[in-house]
Amino acid sequence: MIEVNDLTKYFGNLCAVDHVSLHVENGIFGLLGPNGAGKSTIVRILSTLLKPTGGNATICGYDVAREPKKVREVISYVPQEMALDIKLTGRENALLYAKLYGIADRSRKVDEVLELMELTARSDDLVRTYSGGMRRRLELAQALVHEPEVLFLDEPTLGLDVAARTKIWRHILSLQEQGIVIFMTTHYMEEADEYCDTVAIIDHGRIVALDTPERLKSEMKGEKTSLNDVFIDRVTTPEEESVFDGYKFRTMLRRRR
Amino acid sequence: MNATWYYFERDLVKWIRGKVTVFSHLVTPAAWLIFVGLTLPVTFTDNYLEYLTPGIMVMSVLFAALQSGNLVIFDKVLGFLNKFFAMPPPRESYLFGTILFITFRGIIQATVIFCVAVLLGITIYSLKSVLLTYVVLFLFGILFASIATTIALAVDDHDGYAAINSMISMPLFFTSTALMPYDKMPDWLQMVASVNPVSYAIDNARALLSGSNPVIGEIVMLAVGAVIVLTICSYLFRRATL
């Protein structure tokens, strides 16, 4: 499905993605890493928004750099920012995507994806009135109108409350059961641990761990390790690592009073 | 091609639903026409309203187009372009849809001005002259909508765009033949006005609406300009990373 070989991306002198190789055949693949590690860049290359500097990647056999149009027909990309037209209704938002994808029987298809995402009751309300979780589900509905084989999700549960996150995950799981390959990035280790079949931890553009969550955890010494422990063990972030100086901080606060 | 229409439709519905903006877009230019056209003590013509109307029509297309770069900025900053560009329709269909909408909205505004002017008593010479005026307005709209979208693609945020917009829109208007003919201008202004594309549109709208012959050379310049800027803009859009 997704085949990534030696993928490299430079922005000027900055190496955002450094010889990354991956292979995803099915299930839910989670890309983890600190802010600025290169997660979104990889997703944007795979969804044809950026051209790689070196290496290559194919999706369903189509090269992302040479056959972008073919790739776009088999994928969907839901970015971090929730980009929905709030002055349009939920149905109109989904219909726009059905039109752009050139779906033949589009009003039936739109009804179907709205139903799937449990939005039917509110589908004729303006998106302005939707909650964060509903907006995310509407984005998933949009992404499903053309029955993609691969779904790219960049931080799908960012900024949502626990209930909304659980609901989104239930939907993502059911999509995966229908055979859609999910490629996602996340900051929430617990979610990756619970739902992802395979995870890759990426740091400074390089893959530092790639396996199932269970095996990564079992490689750690000690009992009851979590994916958080694996993450902190493998990733180096100089900013957060420097020791927190409690005394200095309290003195500073006192002076402000 | 279909995708162009869908993007156009999206912008149109969003515009119409913002009732306050629609109202303001239609009333502001009419205010220009009335306050300037009926009040300025002008000596070179005895019907200044008739003289001014084509200028204000072109002005409303100009200002509408330059402001509308904001549509692209919004779509860029809020992440819409990321989603749209990961879909099969070519990037240009978004660009063309937006440019068409911007032009269309400007022309609607110009039409309101025209209706107000007719109500205030300007003469209509022939249907043909009015239709030809719309052709000129369309070419002019495409030219400036392309310029606006190109700038919008290049700058990072609303503030940057607003700064550039206010820097170019007023000078373009005041150095054109909107308010006075070439022979009433100081020499330096005459020079600037004669190379200002805004003058080209106004000269032709004015000639057509007063029943005389258009200046074909200037219309050709507008058309060529529109094609060139549109080509550059499409090229930049195809290569843009967001």
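Which strands of chain A does helix H6 (residues 162-177) of chain A lie across? The helix lies across strand S3 (28-32), S7 and strand S8 (181-186) of chain A, and it runs at about 150° to S8(A). The model described here is predicted. In it, 19 residues of chain B are in contact with 18 residues of chain A.

**The six-stranded sheet of chain A**

- Six strands of chain A form an open sheet in the order S6-S7-S8-S3-S9-S10, and their pairing is mixed.
- Strand S6 (75-78) and strand S10 (206-211) of chain A each have a single partner strand, so they stand at the edges and one side of each lacks a neighbour in the sheet.
- On average, neighbouring strands of this sheet are turned by 15° against each other, direction ignored.
- S6(A) runs parallel to strand S7 (residues 150-154) of chain A, and four bridges join the two.
- Ser76(A) has Leu151(A) as its bridge partner in S7(A).
- In general, strands of a sheet pair through backbone hydrogen bonds, either parallel or antiparallel.

- Strand S1 (residues 2-11) of chain A is antiparallel to strand S4 (residues 54-59) of chain A, with five bridges joining them.
- The bridge partner of Thr8(A) in S4(A) is Gly54(A).
- S4(A) also pairs with strand S5 (residues 62-63) of chain A, in the antiparallel sense and over two bridges.
- S4(A) and S5(A) make a hairpin with two residues between them, and Cys60(A) in the turn has a positive phi of about 50°.

**Two packed helices in chain B**

- H1(B) packs against helix H6 (residues 91-119) of chain B at an angle of about 45°, and their axes are 7 Å apart.
- This angle makes H1(B) oblique to H6(B).
- The two helices, H1(B) and H6(B), have a right-handed crossing.
- The contact includes Trp5(B), Phe8(B) and Trp15(B) from H1(B), and residues including Phe96(B), Leu100(B) and Arg105(B) from H6(B).
- By type, the residues of the contact of H1(B) with H6(B) are 10 nonpolar, four polar and two charged.

**Where chain B touches chain A**

- The contact between the chains involves 19 residues of chain B and 18 residues of chain A.
- On the chain B side, helix H1 (2-17) and helix H5 (80-85) are the elements that give two or more residues.
- H1(B) supplies the largest share of that side, six residues.
- The chain B residues on that side comprise 11 nonpolar, four polar and four charged.

Key
Residues numbered from 1 in each chain as written. Chains lettered and ligands numbered in written order. Predicted model: local features only at pLDDT ≥ 70, side-chain atom pairs only at ≥ 80, totals over all residues. Contact = placed C-beta atoms within 7 Å. Nonpolar A, V, L, I, M, F, W, Y, C, P; charged D, E, K, R; others polar. Pairing = 2+ DSSP bridges. Axes fitted to C-alpha atoms, helices over the stretch in contact; angles between N-to-C directions. Parallel < 35°, antiparallel > 145°, perpendicular 65-115°, else oblique. Left-handed = near helix turned anticlockwise from the far one by under 90°.
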